[in-house]
Amino acid sequence: MERAYLDWNATAPLRPEARAAMLAALEIPGNPSSVHREGRAARKLVEEARAQVAALVGADPADVIFTASATEANALALTPALEQAGNRAPRDRLLISAIEHPSVRAAGRFSKAEEIPVRADGAVDLAALKAMLERGGRPLVSIMLANNETGIVQPIREAADIVHEAGGLLHVDAVQGPGRIAVDMKALGADLLTLSAHKLGGPKGVGALIRREAIHIADPLIKGGGQERGARAGTENVAAVAGFGAAAAAVSANWKAEAAHTAQLRDRLEKGLIAAVPEVIIFGKEADRLPNTTLFSAPGMKAETAVIAFDLEGVAISSGAACSSGKVQPSHVLAAMGVDSTLAQGAVRVSLGYTTDSSELESFQNAWIKLAKSLRKGRDQAA
Ligand code: PLP
């Protein structure tokens with residue numbers, strides 16, 4: 001049976017351009033820090049990729065720091081030791097939105113994070129942010145560009161203005177943005193921005209932190225050989241970095257058409273959801289959302305059972321709730337939006353990509369109709 005892979009927010013399939021760049025890079029024996037010809041060939045690949053990743057978000061290549069993941073990039077960014085244009089006074093508060101990825105919720109090297117609430121529509125509450133900033137200090141604020149579970153896009157430009165007005169710095173976890181919406185660091189007003197290669201068709205295990213030129217991270221997480229201008233020691237993973245660069249270039253060239261393609265399929269998918277189960281709830285349906293993401297629930301639905309049922313029908317989707325030690329926790333994202341916990345326990349996420357096609361949607365719809373029947377049966381029996 002042909003599988004339908006509809007879990008692109010978890011990870012995207014490797015783009016052919018990335019695969020080709022990685023295979024070519026694996027043939028180069030040199031260390032990018034070596035001065036000989038082999039070393040210079042490896043360095044060239046790393047620097048080409050740096051320029052491609054920078055171009056994706058309208059940044060200067062010199063401001064890109066390659067890391068081993070977006071998780072690491074977030075941990076690197078969230079530090080009091082951010083020097084700005086020579087000012088060494090440490091950041092003394094960390095504010096994060098209530099819907100951040102666990103790698104931001106971990107708060108980096110701050111002892112704690114203050115949570116900025118989100119509104120019922122899933123967007124960060126800017127009035128609350130303003131009030132929190134009025135309490136003073138030298139804050140670092142972290143707000144994601146788009147939420148990985150709901151796809152809801154955050155008002156980053158407005159937040160940046162508020163944060164800068166208060167003398168703060170803004171970090172943006174933009175992992176879910178590229179390929180779906182415009183991600184321009186300057187237009188967003190981000191001081192620091194995180195990317196992950198595998199969410200945009202590059203390999204897993206490589207990410208980047210991009211900073212505004214004036215910002216210096218005075219306490220790198222990994223110290224040693226001085227790679228990445230001292231911001232992240234360790235010999236670069238040349239093949240992964242080259243794959244990241246190639247994927248970034250493909251996204252820069254194609255994202256508008258890809259986003260239009262997924263938007264059209266996503267709308268079709270949502271019509272099908274409602275047609276089979278009129279009581280279905282699509283979270284953030286009226287909000288500014290990524291064009292590829294649908295998070296939904298229905299009365300009586302259990303996320304873990306639904307994910308398994310879809311999998312057995314050949315469809316890969318994911319539960320909107322985080323599963324740890326076998327126990328499904330209601331999603332902190334839906335809880336922050338004030339969604340009823342029983343409904344949140346049923347939430348599943350479908351996320352599409354540029355290769356998603358009608359036959360995959362059809363497999364999804366057939367599996368959904370089957371599941372809807374068993375939900376109805378379960379409800380009738382309970383009544
Ligand atoms: N931030 C967001 C919003 C994500 O969706 C993810 C991936 O799940 C990450 C960070 C972590 O990315 P990585 O797998 O590169 O550590």
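**Ligand site and an open sheet**

A polar backbone atom of Ala70 lies 2.9 Å from an oxygen atom of the ligand, a polar contact being a pair of N or O atoms within 3.5 Å. The structure is a predicted model, in which local features need pLDDT of at least 70 and side-chain atom pairs count only at pLDDT 80 or more, while totals for chains, interfaces and linings use all residues. Residues are numbered from 1 along each chain as its sequence is written, and side-chain values use heavy atoms, with hydrogens and water left out.

The ligand has 13 residues around it, of which Thr71, Asp173, Ser196, His198 and Lys199 come nearest, where a residue is near if one of its heavy atoms lies within 4 Å.

The protein also contains an open sheet of 4 strands, paired in the antiparallel sense and ordered β11-β12-β17-β14; strands are DSSP runs (E, at least two residues) numbered from the N terminus, and two of them pair if DSSP finds at least two bridges between them. Because β11 (281-282) and β14 (318-319) each have a single partner strand, they stand at the edges, and one side of each is left without a neighbour in the sheet. Strand β12 (residues 293-297) is joined to strand β17 (residues 348-351) by 4 bridges in the antiparallel sense, and Phe296 stands opposite Val348 in β17.

Conventions. A polar contact is a pair of N or O atoms within 3.5 Å; within protein, one must be able to donate a hydrogen and the other to accept it, and residues adjacent in sequence count only if both atoms are side-chain atoms.
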